[in-house]
Each structure stands twice: as structure tokens, then as C-alpha cells.
Amino acid sequence: MVVSRRRFLGTALAAGAFPAMVRSAGDIESLRAAPFVAQLAPEDYPATPVWAYEGRVPGPEIRVRQGERVIRRLVNDLPQPTTIHWHGVRLANGMDGVPDLTQSVIPPGETFDYDFDVPDAGTFWYHPHHRTWEQLARGLSGALIVEERRPPETDADITLVISDWRLAEDASLHESFGALHDRAHGGRIGNWVTVNGEGNWSRASRRNERLRLRLINTANGRIFSLSLEGLAGSVVALDGMPLETPGVPGEIVLAPGQRVDLVLDVTAAEGGEATIRSRERDGTYVLAGFPVTGTARSAPLGPVDALPPNPVPALGDLAGARRATLAMEGGAMGRLEAALVDGARVPIREMAAQGLAWAMNGVASLPETPLLDVGLGETVHLAMANDTAWPHGMHLHGHHFREVRPGGAFGPLRDTLLVAPRSAAEIAFVADNPGDWLFHCHMVDHAASGMTTWIRVG
Ligand code: C2O
Ligand code: CU
């Protein structure tokens, strides 16, 4: 199959047509991970055997208010162990879902209760953190939405979970999970993109309706370049964190793991369609459509206010910051000759035989010692050098950081930063969350083949 988009295929589901189907397990709501089938491809194709939370693709949207707790019992009915990571949530370390670092894996047939406070309002998501390159590609992911105590006034609040699938001719998932070729290139790139599990997602809208859209890229490796048509407004948050000043949505680049929140007025004419388009090599296609019927108000609401800030400690002067560097090497068209694997020097050919393709600071396995061991509250200033031919979406657990741009200006708060091929980038953050935290590429096939390290705080 190739990426394509058939217009007006099937029936458009209205937003909000995905009520969480809650199975109870005692008094704790469950998130049961199990095999399932989903109609991902057009209806003239068979359904796709997937793995899913609560029999839904994507998994049920978890929606809470800022400051509330999230409590879910992971019930593992998969044929292999799993965990859940709550991507972007600045939670207690023991709930972070990272095998060996913060918990042990949950074997098939067993359960684990996740229970944590959510300090920040914003758009987050959840996914496995064991064999992520397979479990994410098989369909295990869902949105975690934390509402502001006083949300901005909009007519609708719509989450778009964007997923990239590699389907075989019969619409089953291509079995090439973790293929070395993908690992050494851009990761497992699919051939079929869905929004909220549908290949042709659309929702009726009205002229001058104000929409809040929350876009989440759950793909293994695909980077989306999105543009808006018939929608005018602002980017209000990135990776769950409000922008101090809402930005103009030009081309929106969304690396794996990243999110963007938009507040938009529908400016397309009645009878027309507002769209989010995705740019591919061979042109653009409609990722999500908002056919316009009727009018919400006579004029658009106009300028968009900033969302209230989240309680992230401010970055001060970096002069006294703990500094570290991260050299990223390897991959196809790279120059890596060897790297340390579990403490031993392994030449690239043998690395490849073990499914490894990358190294960070010369190490291709999860290092025994952290990249940095910092005191609670210390400021960290990390310089990354991407000496590879590939972009990498670097994700930090438990904290949000800011890019430190050449000249010293700070970028917006993020938890995942796309670092372009053969380029450098610097980030800084206040290490205020105690524990052991991963720092890895969110091209999850890269993470599994050398691009994972960690820091210790406190
Ligand atoms: Cu969403 Cu460690 O990842
Ligand atoms: Cu990468």
C-alpha cells in the first residue's frame, strides 16, 4: 500500500464519538492491553490485527483536570511483557514506566497500578516502554489530556492522535518490526497514516467556529510537516507546555512523540472544507478534514490568548549550570566504526549483527553510569552534536527543557526536540524531579539500537 487519501470514504465520525469504554478492575479503571482487530485500511481491505488498550485504536483518551490524579490498572493480556510510559508528564519517577530503570516489566497475565499526580495542564500521551519499536507499531498508544483549571473558550476541544502504520497487501501489520535497515535509517516508516484510527478522519465544522486541536504524533519514526487551510489562529502549546506568546502556525513540524495545541477559527466558506494537510515528497494530502456546514457566528473570534503557564521552574543564568555533551554517531551513511556495548568495544559489523546501529558518547547500550548525576534543583546545560545523516527527536523523561539557541536565547519548553542531521543543538533545564530519567531518541527504532542514555537527579 502507499500513502493515499480517499476523500469522503465511509461515514465521518463526529468528534467526541470516542467515549472512554471503561472496564472496571476492582475500583481501579483498567487499561487492558491485548490483541484486537481494527479497521485501519479502507473498508474494501480486511481489518488489521493489532494490539490495543481497551480494544480501541488509539487507546481510550484519558482526560483529567490539572492537579488531579491519574489511576489506571495496566492489565497485560499481550503475549509479551509491557509497561506504560506517560509521555511528557512530570510525574514521580516510580510511575515513569521504564523497564530496569524505574520498574520491572509486567509479564503477560499480570497487572500494575499506575497512580500519579499531573502537575501540568496540556496534551500528553501514553505508550509502552518495553519493545516500544514493536508495541507502538502494533497500535499501543493513547492520549492523556490534562485540562486547564479554566480552559480557554472554544466551541470544541478535539484530540487528533496521528499514527503511522506499515501495512502489508492484506492490511495486516508488516512483520518487519525492528528491522536493522529501518533502525539504521529513519526508523520504521509506514505506508498508511490514520487520525484517531481512521484513514479518512473528518469532522463537521461551522464557519467561524473556534476549535482547539491537540495533535499528537505517535509514529515510530515519521516526521509530519503539516499546514492548515481554511483555519486561522495560533499555536498555543508545544509538547503540552503553553507558549508565552501564541505563535503563527506556518508549517508545523511534528517529530515522533511531539504534540502541538492549536486554537483556530474556521475561515473556510460554507460548503467548503477546512483541512490539515501533510506534506510528503510527492505533494500534500489531507490528514484531517473539517467540512463546513452552517455558521457558528458572524465573525471569527480573532486574537487568541496565551494559556496559563504550567509550574515549571524558570531557567536562570546558565553560567553555573552543570554541562554535558552528547555526541550522536552512527546510522546509514555514518562514520561509526565501533562502540561500547555492555562495557566491551564492539566493531560496527558485530553491532549490526546485534541489531545496533548508533552510539551516543561512544556507547550503544544503556550505559551503566548516567550521562549526568546532578543534585536536585541543579540546572543542566546539555550540548548535542548530531554527527549522523539523520534527524533525531531527542526526548527527556520527567522534565521539560528549553533549547538554548546560538546567541543564548531560550526556545519554548519542550520534552522532545528534533535535531537536524549534521547539526548541533543545546538544551537546558532545571533538574527538579528526583530519580533516574531516560534521555533517548523518540524514533523508537533508533532508541532500541543505540540512542538511549539516562540522567540521575538527586
Ligand atoms: Cu514517549 Cu521514552 O518515551
Ligand atoms: Cu534517532
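Of the contacts in the protein chain between residues at least 6 apart in sequence, how many join residues at least 24 apart? Hello everyone, that is my opening question today. The figure is 76%. Keep it in mind as we go through the structure, and please also keep in mind that this is a predicted model.

Let me start with the whole chain. The protein chain holds four helices and 33 strands. Along its principal axes, the C-alpha trace spans about 65 × 50 × 50 Å. What radius of gyration would a compact globule with 458 residues have? It would be near 23 Å, and the protein chain has 21 Å, which agrees. Buried residues account for 59% of the 458 residues.

Now for the metal. Which residues coordinate the copper ion, ligand 2? They are His392 and His446, each through ND1, and Cys441 through SG, at 2.0 to 2.1 Å. If you look along the sequence, the spacing of these donor residues reads H-x48-C-x4-H. Histidine 392 and cysteine 441 are 49 residues apart, and this pair links distant parts of the chain. Histidine 392 belongs to strand β27, residues 392-396, while cysteine 441 belongs to strand β32, residues 435-441. Are these two buried or exposed? Both histidine 392 and cysteine 441 are buried.

Strand β2, residues 28-38, pairs with β3 in the antiparallel sense, over six bridges. In this pairing, valine 37 of the chain stands opposite proline 49 in β3. Five of the six residues of β3 are buried, so this strand is largely enclosed by the rest of the structure.

Proline 58 lies in the loop between β3, residues 48-53, and β4. The peptide bond leading from valine 57 into proline 58 is cis, with omega near -5 degrees.

That brings us to β4 and its sheet. In what order do the four strands of this open sheet run? The order is β4-β9-β8-β6, and the pairing is mixed. At the edges stand β4 (59-65) and β6 (85-87), each with a single partner strand, so one side of each has no neighbour in the sheet. On average, neighbouring strands of this sheet are turned by 25 degrees against each other, direction ignored. The partner of β4 is strand β9, residues 142-147, and the two pair in the parallel sense over five bridges. You can find isoleucine 62 standing opposite leucine 144 in β9.

Another pair to look at is β10 and β11. Strand β10, residues 156-165, pairs with β11 in the antiparallel sense over four bridges. Here aspartate 164 stands opposite valine 193 in β11. Both faces of strand β11, residues 192-195, are covered. On one side are Trp192 and Thr194, on the other Val193 and Val195, and all of these are buried.

Let me also show you one helix residue. Threonine 132 sits in helix α1, residues 132-135. It has 9% relative accessibility; since buried means under 20%, threonine 132 counts as buried. What does threonine 132 touch, leaving out residues up to four places away in sequence? The answer is His127, Ala137 and Val444.

Asparagine 208 has a phi near 65 degrees, a positive value in a residue other than glycine. Methionine 333 also has a phi near 65 degrees, again a positive value in a residue other than glycine. Where are they? Asparagine 208 is in the loop between β12 (205-207) and β13 (210-217), whereas methionine 333 is in the loop between β21 (322-330) and β22 (338-341). Methionine 333, by contrast, is exposed, with a relative accessible area of 60%.

To go back to my opening question, 76% of those contacts join residues at least 24 apart.

Definitions and conventions. Residues are numbered from 1 along each chain as its sequence is written. Chains are lettered from A and ligands numbered from 1 in the order in which they are written. This is a predicted model: local features need pLDDT of at least 70, side-chain atom pairs count only at pLDDT 80 or more; totals for chains, interfaces and linings use all residues. Side-chain values use heavy atoms; hydrogens and water are left out. Donors are N, O and S atoms within 2.8 Å of the metal (3.2 Å for Na, K and Ca); water is not among the atoms, so sites may look incomplete. Buried means under 20% relative accessible area, exposed over 50%, partly exposed in between (1.4 Å probe, protein chains only). Two strands pair if DSSP finds at least two bridges between them. Axes are lines fitted to C-alpha atoms, for helices over the stretch in contact, and angles run from 0 to 180 degrees between N-to-C directions. The radius of gyration is taken over C-alpha atoms; the globule rule is 2.2 Å times the number of residues to the power 0.38. Contact means heavy atoms within 4.5 Å.
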